[in-house]
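Keep the structure open beside the text as you read.

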Amino acid sequence: MKKIKLLGLYICVSLAIFAGGKADVKNAKDTGNMLRVGKDSEVFISNPADFVPSEWISGFTDVNGRFLKNVGWYKVKRELQTGESDKHRVPGTASAEHLVDIRVTPEGAFIRGKEKGIVTVAALDNNDHVKTWKVAILAARPEELPKAGKKQYAELRRRWIESLAGGSLDMKDPVAAAAVERINKTAEEAWQAYAYKGKSSCESMPWPEDAGQKGNPQTKYEDDAVEFRPAFQKLYGMTVAYACRRGAYYKNKALFSDIIHILDYLTTYCYTAKSQTDNWWTWEIGIPKSLVPALILLSDDLTEEQKQRYIAPVVFFQPDPFHGGAIGTASTHGKGYRTQAAANRVDCSVTALGIGLLLEDNEYVYLAQQASASTIALQTIEDSLALAENGFTSGYYEDGSYLDHLRTPYTNSYGVVVIEGLSKIASILNNSPWQYGKEKADILKIMLAESYGLSVYNSYALDMFRGRAVARKLVTDKSIGRDITTYVLSLVGALDKQTQAVIKNNVKNWLMHDPEYIDSLTDINVLGIRAEAKRILADPSIKGTVPAVHRNYPLMDRCIHRTENWLFGLSMYSSRIFNCEVMNGENLFGWHQGSGMTFLYTDEPRYYTEGFWNTVNPFRLPGTTTVSKNIGNAQPDSSGFYQEGDFASKEDWVGGSALYNFGTNGMLLSGDITETKVGYEPDLRARKSYFMLGDEIVCLGAGITDKNSSFKVETTVLNRKLKEDASNNIVFNGSKLDLDLLPVDTAEIVKTEGKGQKKASSAGTELKDGAQWLWLESNTGNGGTGIYFPQTDERNMLYARKVAASGCWNNIGYKQSDDIETTNFFELWFDHGVNPAGLTYAYVILPVKTETETKNYAAKPDIEITANTAAVQAVRNKRTGASGYNFWEDAKATAGILSSSHKASVTLKENEDGTLELAVSDPTMKNTAFIELELNKKNVAVLEKDDNVETEAKDNALLIRIHTAGTNGRTSYIKLQTAK
């Protein structure tokens, strides 16, 4: 018994840890035992003898019986003191009312379970006496749980252990032998550095060198999860060595003894029931990622009491894989208790699986299966009109999109966490009572084929789907591409044979472009993947050639246009999608990553991997129309993290249409943003269109306007990396363009808002001789990038420069490298001047072209611009017969053979047999009625059409009405027969 203080009162409580018990308890007294109640069921607590409660409360208690207090989540990430507040949080005791309801009667109280977790219920009387009970709420009914016995739990633990530490490895295999040696070395280094090696206990910080490395200097080590998380990571490395059968430390008693001492210290003083500080993620997800598998690795040698004790803080902070913030307002997450989604749900499912297997708790294993299986699902849009206000549910969507944090495309970041966790859980649960149902295979097909079959190019994970992760030096498009390959190979066996063939074809393409991948698979847990990758690469029936494709992702404001030897990507933002994500001090210069940024992938290796994001001028990302205002990141929170700089616009028109391998996309760019903590350029507007109708990308701008500003408006045509010596040939209108290499400092350009001098300068050389075409030699010597200028707005000025841009990763990411790196770039941009009114631009990108091919194209272009106004932008490709139209207003506008009375994007194809095909979308996602088009053709017959399309012949034209309610930006199709 310990004497503790609660709300100024001293009381006596019996301390109890999480323990098993029956779920049918109906009555209980203060015995110190854990009461258990089912969700939507009740347990009755009788008033103790000679005790008349005046009040009943629920909350959470630490190991000393102290009720946890509210913590801040925005500026003050710790317990709030008297007089403090943080957003809507104020000082007080954190309630557990989200987990239980209390119904008081004269004889006691009914405790009704609402959601899974562990709470403390307290009764107070008028004499300042308090009685407390621990209550565990169960989530599943006994009849829902599959039948399982000790053999099943033991088998699944064995699978998990062997996946982490290897089983009967062939030590004659040099790769396996080297993997074991690395395990030995990792453990040896951690063990030798352990401050209390060989002693009878761990008295304090296990590894003193961790002090001050990662956490908050104002928080003591024992309360700073960010600071003590590395101890759990080192501990995990030691447990892998202990469980590795072929390793030097297998079942080493001295190592085991020190591991136990470290666990005793960390789970008694550090990671234990208490209010959170700093980042909630570390408490609820980060530390369990190391602690849970460590306990699984040790499980054969731990006593039942040790298992209960060491896993208790995980159960306290993360008892339910469907939800986060179990401790409510004692969590530093702004929402406190909340539904977990997508990547976080999968991470928590792995945690639940570990708890269940360690404690042989059927409910936890069942919940792990149910929660992770729920992420193998396609989210739906119930009301597109509400997206601007509410954002998106995290997860995958039918079109292959993956969205997280309400408004950020994250296929190649958080989406990867989902498939990582699924691959881990599926491999453990396969052929067990808790395995996934067969219905999940069809959804996995979409996730793997539609999302990752297109979001990886030549083994690189496309950066426009990586969110703020682009600001991490060590987490690159290359490393994530390899992770995706590994997880896809882990999951491909769950798919049907036809889909397996498609996926393996993609994988072989990635392997062919990353010959070092197989050799990188050297850890024990991926030796099986290594063997499968070798089989795919050696299989002549798998060709590894990927087809050309155009794919719009209307929900993510993204598009991909992939050809035989290059890929073009487009990143936009709208009222539904953020311009970028800035969070936890990462991606601090990312403001214009969604301002129409164009990505061009060719055969140049590691183009975005090395020296791009940390050095590129953030005001001149290719394809964007911007002003060089330093939007900033507002003030940091109490953890020192900047959280601001991302925002939505107030414009809905962002999206496009697609027909076969042709596509039309556009965005109504607006500097009038939704965020109030930072500001941009409220009067900036531009209608930006991108047409992919052949071997080129046609980029048009119209209605470029700004007011009341001191900044020039610029549209960046190119910002391409150059060779290390910047010797790339540049040819303008047939003459070599000699430019000096200017040294600049990217951070200084940001600081001076593009108006500085010398290293802070943004100035360039004006190209005055009537721009016709320009060619930039590639860094590999295989052709280059051509630019054709089909039209000239004489109010614009065209500038170019070569820069040696210096920057460090710490400029854009918290506690990243301070090392200065320098990358050479060629910048080409239109200067629209200060406060432009209705300006336009037009240029055509010609990827992977030689100088001669660029010159010849300019002399005889395939494309013609049929409109470039603020009402409609349209382009026709004479060679392919494809045309694209973006209609910007709900007023009749005409270009070529097509008119529209409504906002719309249209891609049209005229075929040699006289057939004509149209693909039409509502990019605003807010048209609940219809789009009406008028095709200036007579004697037209309808051959095919979607169910939401109607037609009517009128005079010498055909009226086409596309009903758009519920289409969510998707393309509708119609095929017509016209006179040849």
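A residue counts as buried when its relative accessible area is under 20%, as exposed when over 50%, and as partly exposed in between (1.4 Å probe, protein chains only). By that rule, 62% of the 980 residues of the protein are buried.

Please bear in mind that this is a predicted model: local features need pLDDT of at least 70, side-chain atom pairs count only at pLDDT 80 or more, and totals for chains, interfaces and linings use all residues. Residues are numbered from 1 along each chain as its sequence is written, and side-chain values use heavy atoms, with hydrogens and water left out.

**Confidence and overall form**

The predictor's confidence in each residue is its pLDDT, from 0 to 100. The mean for the protein is 94, and 97% of its residues reach 70 or more. Residues 1-31 stay under 50, and the model has 70 contacts (heavy atoms within 4.5 Å) for them beyond four places in sequence. Where pLDDT is low, the predicted coordinates should not be read in detail.

Along the principal axes, the C-alpha atoms fill a box of roughly 95 × 65 × 60 Å. Among contacts between residues at least 6 apart in sequence, 68% join residues at least 24 apart.

**Strands and a sheet**

The protein has 17 helices and 49 strands. These are DSSP runs numbered from the N terminus: helices (H or I) have at least four residues and strands (E) at least two. Two strands pair if DSSP finds at least two bridges between them. Nine strands make an open antiparallel sheet in the order E24-E25-E26-E27-E37-E34-E33-E29-E30. Strand E24 (654-659) and strand E30 (735-736) stand at its edges with a single partner strand each, so one side of each has no neighbour in the sheet.

Most residues other than glycine have a negative phi.

**Aromatic rings**

Rings of Phe, Tyr and Trp (its six-membered ring) pair if their centres lie within 6.5 Å; planes under 30 degrees apart are stacked, over 60 edge-to-face and the rest tilted. The whole structure holds 44 aromatic pairs, including these two:

| Pair | Centre to centre | Angle between planes |
|---|---|---|
| Phenylalanine 392 and tyrosine 397 | 6.1 Å | 85°, edge-to-face |
| Phenylalanine 789 and phenylalanine 830 | 6.1 Å | 85°, edge-to-face |

The second pair links distant parts of the chain, 41 residues apart: phenylalanine 789 is in the loop between strand E34 (784-788) and E35, and phenylalanine 830 is in strand E36. Both of these residues are buried. Phenylalanine 392 is buried too, at 4%, as is tyrosine 397 at 2%.
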